[in-house]
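Welcome to this short tour. Open your viewer, keep the selection tool handy, and follow along stop by stop.

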Amino acid sequence: METEYAIVARHASKIYELRGKNKNEQGQKFYALKDLNFAIEKGEVVGVLGTNGSGKSTISIILAGICDPDEGEITVNGTQALIAINTGLNQQLTGMENIELKGALLGLSKRRINEIKAGVIEFAEIGDFLYQPVKTYSSGMKSRLGFSINLCLNPDIMIVDEALSVGDKGFAAKCLNKMKELRDEGKTIVFISHNLSQVRDFCDSAMWIEGGMLREYGDIDEVCNDYAEYVDYYNGLKKKEKDAERDRKFAKRIIKNSKRTFGDKFFSAIRTR
Ligand SMILES: Nc1ncnc2c1ncn2[C@@H]1O[C@H](COP(=O)(O)OP(=O)(O)OP(=O)(O)O)[C@@H](O)[C@H]1O
């Protein structure tokens, strides 16, 4: 049987213009993603790894169709939903109104919207807050609402960007269990997380992005091991730099304080001895 793909990226890049120091200076082009080539199979559950600023959120909005790549192309086969912190909710509207707005934008029937409302009441467990403006919600409550709405929309492809890192542990576990059910039903899931053990536990494969470029994409254990080794090495280097800096400061302090105790004559006496 021919492999069916949910998402195919061909030479996809995303470019931001960085502002110059003053108004008249022309901004510089910055590649947040550069020349990405990959194909995610239908039903695949792929983890996306990368250090801070490597391009994970940028890839999530491109895969979700929120913005297009500036170079190359992304082909998506099916409906997608992005579940991310602070995305897709209108702050002025209540939770219920947000469901109506999303349903209207997607052209859903009144009956379908009512089904989604019932699903959100049950899954989000935020009670009467559903009738309050979203701007009054805590970040965990926003995450509960956003996650529940997108879950009830039942998309073919779910892109989950760090959404489990806010809410409380109980809700994160409930979401993870629900996502496992969806995975077993054959949904395609892109799971962006800094939690390596969650990625190992949940995903079939992993994609590692660094500096906007695809470093590795493949077997979950291999990619997670390579990424963990890289992070350890990188942190090790940073630790060595920090240790050296601390030693330098310490040495300076000792010299300064001993000068205070013994006076400069003491040092000149040592030097002349
Ligand atoms: N609107 C923007 N304008 C300019 N640069 C941007 C914009 N959005 C993101 N970037 C830059 O693009 C790069 C990738 O950012 P992105 O948010 O995708 O990283 P990330 O891997 O999700 O990071 P983190 O793990 O910290 O959330 C970063 O260098 C960031 O500063």
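Which residues surround the ligand? Select Y16, L18, F30, A32, G50, N52, G53, S54, G55, K56, S57 and T58 to see them. The elements that give two or more residues to this shell are β1 (5-18), β2 (28-41) and α1 (56-63); helices (H or I, at least four residues) and strands (E, at least two) are DSSP runs, numbered from the N terminus. Colour α1 next, as the largest share of the shell, three residues, comes from there.

Before moving on, two notes on what you have open. This is a predicted model, in which local features need pLDDT of at least 70, side-chain atom pairs count only at pLDDT 80 or more, and totals for chains, interfaces and linings use all residues. Residues are numbered from 1 along each chain as its sequence is written.

Now for helix α2 (residues 95-105), where you will find N98. Is N98 buried or exposed? N98 is buried because 22 other C-beta atoms lie within 10 Å; the cut-off for buried is 20 or more other C-beta atoms within 10 Å of a residue's own, with C-beta atoms placed from the backbone. Leaving out residues up to four places away in sequence, show L89, N90, L93, V134 and I149, which N98 touches (contact: C-beta atoms, placed from the backbone, within 7 Å).

Last stop: select F191. Beyond its neighbours within four places in sequence, F191 is in contact with V45, G47, V48, V160, V199, F202 and C203.

How values were computed:
Near = placed C-beta within 6 Å. Contact = placed C-beta atoms within 7 Å. Buried ≥ 20, exposed ≤ 12 C-beta atoms within 10 Å, placed from the backbone.
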